[in-house]
Amino acid sequence: MYKAVVARIHTRPLPGSNYIVLGSCRGYQVIVNALTEDGQIGVFFEQGGQLSEEFTTVNDLVRRKDAEGKPAGGFFDDNRRVKALKLRGARSDGFWCPLEHLGYTGADLSAMKEGDTFDALAGHTICQKYVTPATERLQRARGGREAGKGRQVQMFARHVETESLRRSIGMVPLGAILHISRKLHGTSFRYGHVKEIVPLTGWRRLLARLLNRPLEVEQWTHINGSRNVVLDEGKGDAYRHTATSGILLRRGEVIYGELVGFEPAGAPIMSRQATGGLKDKAIIRQFGEMMTFAYGQAPGTYAVYVYRIVQHSECGHPVELSWHQVVARCRALGLKPIPHVETIVYDGNQDALRQCVMAMVDGESGWRPSVLDPTHIEEGVVVRWEHDSGVGWLKEKSYTFGVLEGYLKERDDYVDAEEVA
């Protein structure tokens, strides 16, 4: 879920400019007005979100022109999308503004503290995740399946929504074991051997009525699913069923993973991304004008990578396998675990963890070639934390990947395959 975060900003000059400066807040870099005070408390919106119409109207943030057609204020596009961008050669990971921008809500701003997150205040919507008009139309046409409607199976829960590490680092417990893995740009899948309550049909239902027996029965079955939807056999993308065909799981076992590469017809699972808009000669020289996230797969082929396994008891109680157990179970099933980078123990130093992760994600140039396929960049990393209190996941994408993803979403007709899966 997309949320804003309360963040203190530390500013420094931007060479060659008297009107804007660079700011650092919670590990992000932003470009702000030169009048911004160093150490000031405000609100940060990470790239990938959309500001509410009310918020941008009250604070005059959308571009507008005067009667003569000259710029008269604002800097956001009409869709109010928060983007990663470069200005005067400096990168910006989102948008920061003073707390006073929230004053119109009537909320008690003095009670807000660093690290607080929100998407609404005092009944006023402030922000939400941005989806393109085409993606939104397709979600509506599918009857809201993405909101969790449709066929439900108790043992077959969706994977948790993975928050940004820099925004939500405070949820990582002191002493947690951190397993850092590559984030792959594909489409999510889940596959399980689960117990499902199925209604009787036909003569069996009629007989049950006559004998005053239950009209439904429990049965164990292997079922398939995308990120949001439980897939009936023969429905949805055929390759999703083929990819898991022949995997024999234990009763109550559910695996979660990523499908990467190409659909059987040859189209990439995730859209090709043009690099020209970056105006970065080093990227174009290394990857060309178009980047396909193939992960070493030939056209028409795909690969399955697993990042999570849950084992349920007969009564449905879930037990999360540790990362080492996931790796061992993948070996037994003949599957690939998500590529692992490093395992560390968290000492509570948030800044050090941010810096460690960003070095893995961006390096010195803002991008790294994929370890699985040097013809495209890495998307980022996922930090899985394990602690006595539970297990969680946080993600961090590279700056360059965020910009490329943003270019795709400039098109109103672009459909985000992961959002509608």
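**Reading a predicted fold**

Reader: What radius of gyration would a compact globule with 421 residues have, and what does the protein have?

Author: The radius of gyration is taken over C-alpha atoms, and the globule rule is 2.2 Å times the number of residues to the power 0.38. For 421 residues a compact globule would have a value near 22 Å, and the protein has 24 Å, which agrees. Along the principal axes, the C-alpha atoms fill a box of roughly 80 × 50 × 45 Å.

Reader: What should I know about the model before going on?

Author: This is a predicted model, in which local features need pLDDT of at least 70 and side-chain atom pairs count only at pLDDT 80 or more, while totals for chains, interfaces and linings use all residues. Residues are numbered from 1 along each chain as its sequence is written, and side-chain values use heavy atoms, with hydrogens and water left out.

Reader: How many helices and strands are there in the protein?

Author: Helices (H or I, at least four residues) and strands (E, at least two) are DSSP runs, numbered from the N terminus. By that count the protein has 10 helices and 29 strands.

Reader: Which share of the residues is buried?

Author: Buried means under 20% relative accessible area, exposed means over 50%, and partly exposed lies in between (1.4 Å probe, protein chains only). Buried residues are 49% of the 421 in the protein.

Reader: How far apart are the mean positions of the positive and negative charges?

Author: Lys and Arg count as positive and Asp and Glu as negative, with His and the chain ends not counted. The place of a charge is NZ of Lys, CZ of Arg, CG of Asp or CD of Glu. Here there are 53 positive and 51 negative charges, and their mean positions are 5 Å apart.

Reader: What share of the contacts joins residues at least 24 apart in sequence?

Author: Contact means heavy atoms within 4.5 Å. Among contacts between residues at least 6 apart in sequence, 71% join residues at least 24 apart.

Reader: Which residues touch the most other members of the largest nonpolar core?

Author: A nonpolar core is a set of buried Ala, Val, Leu, Ile, Met, Phe, Trp, Tyr and Cys residues joined through side-chain atoms within 4.5 Å. The largest one holds 47 residues, and Ile255 and Ile377 touch the most other members. The elements giving two or more residues to this core include β18 (187-199), β21 (253-261), α7 (323-333) and α9 (399-408). Strand β24 supplies the largest share, seven residues. Leaving out residues up to four places away in sequence, Ile377 touches Phe287, Trp367, Phe401 and Leu404, among others. There is also a second, separate core of 20 residues, including Val6, Leu51, Leu102 and Phe118.

Reader: Where does Leu51 lie, and what does it touch?

Author: Leu51 is in strand β6 (residues 49-51). Leu51 counts as buried because its relative accessible area is 0%. Beyond residues up to four places away in sequence, its contacts include Phe45, Leu61, Phe76, Val82 and Ile126.

Reader: Is Gly257 buried or exposed?

Author: Gly257, in strand β21, is buried because its relative accessibility is 0%.

Reader: Where does Tyr295 lie?

Author: Tyr295 lies in the loop between β23 (290-291) and β24. Its phi is near 55 degrees, again a positive value in a residue other than glycine. At 3% relative accessibility, Tyr295 counts as buried.
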